Amino acid sequence: MRSIQKSLDKFEEVGIRPVAISVDPPEVSRDLCQKAGYTFTFLSDPKLDAIGRYDLVHKGQGENGGDIARPAEFLIDSSGAVRWRMLTENYWVRARPEQILEAAKALQ
Amino acid sequence: MKIQKFNWQTWTGFLLSVAALLSYPFVFVRWPITRDFPWANLLLFGVALVLLSVGVKRGFAPGRRSISKIASSIVTVLGVLVLGFFVFTFFIAAKWLPASHGAPQVGQKAPDFTLSDAGGKSVSLSELLSSPLKGSTPEGVLLIFYRGYW
């Protein structure tokens, strides 16, 4: 998230809108955004609506054994098609802004 | 009884191995170059192991009290366990992720959804794709799914 925020201008320059999604309720996301200074959109998916539809449910990994999302990134073009994705195999390894920007070039 | 010098190598080695563990989530995770592969942490562990082995040698030097042997051995084992925990967490436990075979593939249509934003307002993917970004229609949306902070 930190690296996405740092590169936010670059994303917007190429017309990409970053959107973060987790099971966190809106209040938690609001606090996080305030504390960390995140200015892009954060969506709340406590019922695993989108997380389930994208097959990203990680069972029993949340608070009190609740279900959460596994880390993943998708780049979607204006027609609604997936153009690039990253389903990390290691929790600590995430998409780098350079990788995403490279993929975003193909959308223009 | 003669006064023994403090075995600083053992204790510094141990503290360094703890620092090598904690500096990953608190420091090195911030930059992709130190996050995607924890070489900085492994380097710190390397230095810690050198210090610990020097400390053990010192603890077992002729003329040292037996407490020195015991302490340096226990602390060294603990330091190695910290390294083991780090390796397990990063290289093994971090890979216990669902396979997500049903996740939309490149070229497929991304499933639409409607969720609340941080302000409690309902937003759909199609809205995110069409509402203006810096005054013009966006080229696309980057969805970042994350575990959350609860």
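Which helices of chain B do the buried residues of α4(B) pack against? They pack against α1 (8–26) and α3 (39–59) of chain B.

## Model and confidence

This is a predicted model: local features need pLDDT of at least 70, side-chain atom pairs count only at pLDDT 80 or more, and totals for chains, interfaces and linings use all residues. Residues are numbered from 1 along each chain as its sequence is written, with chains lettered from A and ligands numbered from 1 in the order in which they are written.

The model has an ipTM of 0.96 and a pTM of 0.87. The average pLDDT of chain B is 92, and 97% of its residues score at least 70. pLDDT is the predictor's confidence in each residue, from 0 to 100.

## Helix α4 of chain B

Helix α4 of chain B covers residues 66–92, 27 residues in total. From first C-alpha to last it reaches 38 Å, close to the 39 Å expected at 1.5 Å a residue; the expected span is 1.5 Å times one less than the number of residues. Helices (H or I, at least four residues) and strands (E, at least two) are DSSP runs, numbered from the N terminus.

The buried residues of α4(B) include B:Ser72, B:Val75, B:Gly79, B:Leu83 and B:Phe86. A residue is buried if 20 or more other C-beta atoms lie within 10 Å of its own, exposed if 12 or fewer, and partly exposed in between, with C-beta atoms placed from the backbone.

## Helix α5 of chain A

Helix α5 of chain A spans residues 97–105, with A:Ile100, A:Ala103 and A:Ala104 buried. Seen down the axis of α5(A), these fall within an arc of 105 degrees, so they line one face of the helix. The arc is that of the directions from the helix axis to the C-beta atoms. A:Glu98, A:Glu102 and A:Lys105 are exposed on the other side.

The buried residues of α5(A) pack against β1 (16–22), β5 (72–77) and β6 (82–86) of chain A, together with β3 (140–145) of chain B.

## Where the chains meet

Chain A puts 67 residues into the contact and chain B 49. Contact requires C-beta atoms, placed from the backbone, within 7 Å. On the chain A side, β1(A) gives the most, with seven residues.

B:Val141 sits in strand β3 of chain B. B:Val141 is buried, with 25 other C-beta atoms within 10 Å. Not counting residues up to four places away in sequence, B:Val141 touches A:Arg17, A:Val19, A:Ile76, B:Leu125, B:Leu128 and B:Leu129.

Notes. Contact = placed C-beta atoms within 7 Å.
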